[in-house]
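Reader: I am new to protein models. Can you show me how to read one, feature by feature?

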Amino acid sequence: MQARQSGKYRLGVKVVCRCYAAMHIRGTLSKAFTVEDSHGEFAKKHSPLLLSDYVWRLVGVAMGGEAHKQLTGTRIVTVRDFVDLLSLDQSRLRNIVGGGMSDAVWKHTLEHATFRVSNAKEYVYYFGEGQSTGIRFNWNYELKGLIRDGRFVAMESLSGGEKVRLEALPQYAAFMIIEHT
């Protein structure tokens, strides 16, 4: 029997019995039943992603495909590895994937990678002595706010001057966090 897709099917059987001089032919059909094809379930893309998911779970990266080979060849095996390099050097990541991926697919891959991660962590980088002043980042190293006198203050609540000073810090602070985890 040839492999089929999901759907409703019936089985038919024909029995031929040659008993002495007479031939008896009987046929029957089963009741209709549903077949659900699970082929390819393992390789499906899903959202939200986990940081521990293999990089081929990203939209635009086929398991065993050219982009997957290029990424794993440079030790980018998980979504976490992909997102880390994306936040540090997007142009290097684009060069690794290469010209085999169109700009539209690349954009869709980036959106999928940064949309939402279900086991997301947040990072805090403290300045000076104690843990009363610092800055907080999300899982993708985007600046979320300031920790002042041990209390979190979201970016939306900061004054214009505080925002300007903080926006000069994220690249250095994110680099420090990545190196110490």
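Reader: Where does R75 lie?

Author: Keep in mind that this is a predicted model. R75 lies in the loop between α1 and α2. Its backbone stands out: R75 has a positive phi of about 65° although it is not a glycine.

Reader: Is R75 buried or exposed?

Author: The cut-off for exposed is over 50% relative accessible area. R75 counts as exposed because its relative accessibility is 73%.

Reader: Which loop holds D149?

Author: D149 sits in the loop between β7 and β8. D149 also has a positive phi, about 55°, and is not a glycine. With a relative accessible area of 64%, D149 is exposed.

Reader: Let us step back. How many helices and strands does the protein chain have?

Author: The protein chain has six helices and eight strands. Along the sequence, the pattern is β-β-β-β-α-α-α-α-β-β-β-β-α-α. Of the 181 residues, 31% count as buried.

Reader: What can I say about the surface of the protein chain?

Author: The protein chain exposes about 12,500 Å². Carbon and sulfur atoms supply 52% of that area.

Reader: Now a helix. Which residues of α3 are buried?

Author: Start with the general idea. An α-helix has 3.6 residues a turn, so residues three or four places apart point the same way. Now the case here. Helix α3 covers residues 90-97, and its buried residues are L93, R94, I96 and V97. These residues are on the same side of α3 because they cover an arc of only 160° around the axis.

Reader: What do the buried residues of α3 pack against?

Author: They pack against α1 (66-73), α2 (79-88) and α4 (103-115). Look just past the helix too.

Reader: Which residues have the most contacts inside the largest nonpolar core?

Author: This core has 20 residues. Those with the most contacts inside it are L58, V61, L71, I76, F82, L93 and W106. Helices α1, α2, α3 and α4 each supply at least two residues of the core. The largest share, five residues, comes from α2.

Reader: Let me follow one residue. What does L93 touch?

Author: Leave out residues up to four places away in sequence. L93 then touches L71, I76, F82, L85, L86 and W106. There is also a second, separate core of ten residues. Y123, I135, L143 and M155 are among them.

Reader: On to sheets. In what order do the four strands of the open sheet come?

Author: The general idea comes before the case. Strands of a sheet pair through backbone hydrogen bonds, either parallel or antiparallel. In this model, four strands form an open sheet in the order β5-β6-β7-β8, and the pairing is antiparallel. The edge strands are β5 (123-126) and β8 (151-154), and each pairs on one side only. From one strand to the next, the twist averages 30°.

Reader: How many bridges join β7 to β8?

Author: Four bridges join β7 (residues 143-148) to β8, and these strands run antiparallel. Find L146 in the picture: it stands opposite V153 in β8.

Reader: What about the other edge? Which residues form the covered face of β5?

Author: Again, the general idea leads. In a regular strand the side chains alternate between the two faces of the sheet. In β5, Y123 and Y125 form the covered face, while V124 and Y126 form the uncovered one. β5 pairs with β6 (residues 134-137) in the antiparallel sense, over four bridges. The bridge partner of Y125 in β6 is I135.

Reader: One last residue. Where is the place of G12?

Author: G12 is in strand β2, which covers residues 12-19. G12 is exposed, with a relative accessible area of 55%.

Reader: Leaving aside neighbours within four places in sequence, which residues are in contact with G12?

Author: G12 is in contact with T28 and L29. G12 and T28 are 16 residues apart along the chain, yet their C-alpha atoms are separated by 5.8 Å. Now widen the view to the protein chain. Among contacts with a separation of 6 or more, 40% join residues 24 or more positions apart.

Technical notes
Residues are numbered from 1 along each chain as its sequence is written. This is a predicted model: local features need pLDDT of at least 70, side-chain atom pairs count only at pLDDT 80 or more; totals for chains, interfaces and linings use all residues. Side-chain values use heavy atoms; hydrogens and water are left out. Buried means under 20% relative accessible area, exposed over 50%, partly exposed in between (1.4 Å probe, protein chains only). The arc is that of the directions from the helix axis to the C-beta atoms. Contact means heavy atoms within 4.5 Å. A nonpolar core is a set of buried Ala, Val, Leu, Ile, Met, Phe, Trp, Tyr and Cys residues joined through side-chain atoms within 4.5 Å. Two strands pair if DSSP finds at least two bridges between them. Axes are lines fitted to C-alpha atoms, for helices over the stretch in contact, and angles run from 0 to 180 degrees between N-to-C directions. Accessible areas come from the Shrake-Rupley method with a 1.4 Å probe; for residues, only the protein chains shown count as cover.
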